[in-house]
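Good morning, and thank you for making time for this.

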Amino acid sequence: MIPLRPLGVGEILEASVATLRRHWRTVLAVTVPVAVVTQIALVIVQRYLSVAQPVLHPDATPSEQLEAASAYLRASFAELAPSMLVSIAASVFVSALLTVVVSRAILGRPVTFSEAWQEASPRLPKLLLLSLALPLAAGLFSFVAMLPGLLLGGGGGAALAFLGGLAAFVVVIWMLIRFSLASPALMLERQGLLQSLKRSAKLVDGSWWRVFGITVLTQLLIGIFTMLLTIPFTAVAFALDGIEAGTGTAVSWTYLVVMAVGGVLSSALTYPIAAGVTVLLYVDQRIRREALDLELAKAAGLPGYSSTES
C-alpha cells in the first residue's frame with residue numbers, strides 16, 4: 001500500500017485515495033450511512049431551526065444593535081448545536097472504523113465492515129471523549145483569553161478582546177496540530193486518553209510545520225473537491241426552487257433534499273481521504289522516529305523479514 005520508508009506528501013495523499021479505490025466496498029459501507037444520517041440531521045435543523053438575520057431600523061442605537069447581534073448569536077448557536085453534535089458523533093464513528101481499514105490496507109490485508117466494527121467498537125467511547133475534549137478545551141481557552149476585553153467593554157475592551165482572540169487562535173492551532181495524531185494512537189496502540197495526547201505530542205515534536213502543512217493542504221484539496229462536486233447540486237436546487245436569503249421564509253424541502261444528496265456524495269468520498277491522511281501521517285512519523293517500516297515489513301510477511309530476525 002505504501003513504500004516502507006519515510007513518505008512524501010504526494011505518497012500520503014495518493015495512498016489515502018488508493019484506500020478508497022481498493023477497499024471501496026468496506027469504505028463506502030462505513031461512510032455512506034454516516035453521511036446520510038448527518039445530512040438528514042442537517043436538513044431537519046435547516047428546515048425547522050433556521051434563524052433569519054435580524055432586520056434593524058436604520059436609526060437603531062449601538063445598544064440595540066448589540067442586543068440584536070447577541071440574540072442572533074444565541075439563536076444561531078441553538079441552531080448549530082444539534083447538527084454539530086451529530087457531526088462529531090459521525091466523525092468519531094467514521095474515524096474509528098476507517099483507521100482500522102487504513103491500517104489493514106497498509107499491510108495489504110482486506111477488512112470487512114464487521115471486522116472493522118469488531119476491532120474499533122471497544123475504543124469508540126474513549127475516541128468520543130477525545131473528540132469532545134479538544135474542541136471544548138480550545139473553546140474554553142479562547143473564551144478565557146477574550147474575557148478581560150469583554151469585561152472591560154468600550155473601544156479599548158473590544159481591541160483587547162480582539163488581541164486576546166488572535167493570540168488564542170494561534171495557540172489553538174498549535175494545540176490542534178500537536179494533538180492531531182492522538183486519534184490513531186488511541187485506536188492502533190490502544191492507548192488511554194491522556195497517553196494518546198502525550199503520544200501525539202511526542203510524534204509531532206520537531207515536525208510541527210510538516211504536519212501542519214500536510215493537514216492544511218489536505219483540507220484545502222478536500223474543500224476544493226467538495227465545492228466542485230456540490231456546484232451542480234446547488235445549481236439544480238436553485239433552479240428547481242430558488243430561495244431569497246434573509247426573507248425569514250423556511251427553506252423548501254426540494255432545495256434541502258437536492259443539497260443533501262450532494263452533501264451525502266461529497267461526505268462519503270471525502271471522509272476516507274481525511275481519515276486516511278491522519279493515519280498515514282501517524283505511520284509516517286513512526287517510520288521516521290521508530291523504524292516502524294521494519295515492523296510493517298515483518299507483519300506483512302515480506303521476503304527477507306521474519307518475526308524471529310533480530
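**Surroundings of R199**

R199 touches A185, E189, Q191, R286 and E290, where touching means heavy atoms within 4.5 Å, and residues up to four places away in sequence are not counted. Before I go further, please note that this is a predicted model, in which local features need pLDDT of at least 70 and side-chain atom pairs count only at pLDDT 80 or more, while totals for chains, interfaces and linings use all residues. Residues are numbered from 1 along each chain as its sequence is written, and side-chain values use heavy atoms, with hydrogens and water left out.

R199 itself sits in helix α8, residues 193-204; helices (H or I, at least four residues) and strands (E, at least two) are DSSP runs, numbered from the N terminus. Is R199 buried or exposed? R199 is buried, since its relative accessible area is 12%. The classes are as follows: buried is under 20% relative accessible area, exposed is over 50%, and partly exposed lies in between, with a 1.4 Å probe and protein chains only.

The side chain of R199 also makes a polar contact with that of E290, at 2.7 Å. A polar contact here is a pair of N or O atoms within 3.5 Å; within protein, one must be able to donate a hydrogen and the other to accept it, and residues adjacent in sequence count only if both atoms are side-chain atoms.

Let me turn to charge pairing. Side chains of opposite charge can pair when their charged atoms come close. The criterion for a salt bridge is a side-chain nitrogen of Lys or Arg within 4 Å of a carboxyl oxygen of Asp or Glu. How many salt bridges does a search of the whole structure find? The search finds eight.

One of them joins the side chains of E189 and R199, at 2.9 Å from N to O. Because E189 lies in the loop between α7 and α8 while R199 lies in helix α8, this pair ties together parts that are ten residues apart in sequence. Another joins R286 and E189, with an N to O distance of 3.7 Å. Here R286 belongs to helix α10, residues 253-290, and E189 to the loop between α7 and α8, so the pair ties together parts that are 97 residues apart in sequence. With 15% relative accessibility R286 counts as buried, whereas E189 is partly exposed at 22%. Taken together, E189, R199, R286 and E290 are linked in a network of salt bridges.

A further salt bridge brings together the side chains of E11 and R5, at 2.5 Å from N to O. Both partners are partly exposed: E11 has 23% relative accessibility, and R5 has 39%.

The loop between α7 (182-188) and α8 also holds R190. Phi of R190 is near 55°, a positive value in a residue other than glycine. R190 counts as partly exposed, at 47% relative accessibility.

Next, the helices. The expected span of a helix is 1.5 Å times one less than its number of residues. Helix α1, residues 9-22, has 14 residues and reaches 20 Å from its first C-alpha to its last, close to the expected 20 Å. Its buried residues are I12, L13, A15, S16, A18, T19 and L20.

Helix α9, residues 208-241, has 34 residues and should span 50 Å; its end C-alpha atoms are 47 Å apart, which agrees. Where does α9 kink? The kink, of about 35°, lies at T230, shortly before the proline P232; the bend at a residue is the angle between axes fitted to the seven residues ending there and the seven starting there. T230 is also among the buried residues of α9, which include W208, V211 and I214. The buried residues of α9 pack against α1, α6 (154-178), α8 and α10.

In helix α6 we find L163, which is exposed, with a relative accessible area of 52%. L163 and G149 are 14 residues apart in sequence and 8.8 Å apart in space, C-alpha to C-alpha.

I close with the chain as a whole. It has eleven helices and zero strands, and 37% of its 310 residues count as buried. Among contacts between residues at least 6 apart in sequence, 73% join residues at least 24 apart. The chain exposes about 16900 Å², of which carbon and sulfur atoms supply 69%; accessible areas come from the Shrake-Rupley method with a 1.4 Å probe, and for residues only the protein chains shown count as cover.
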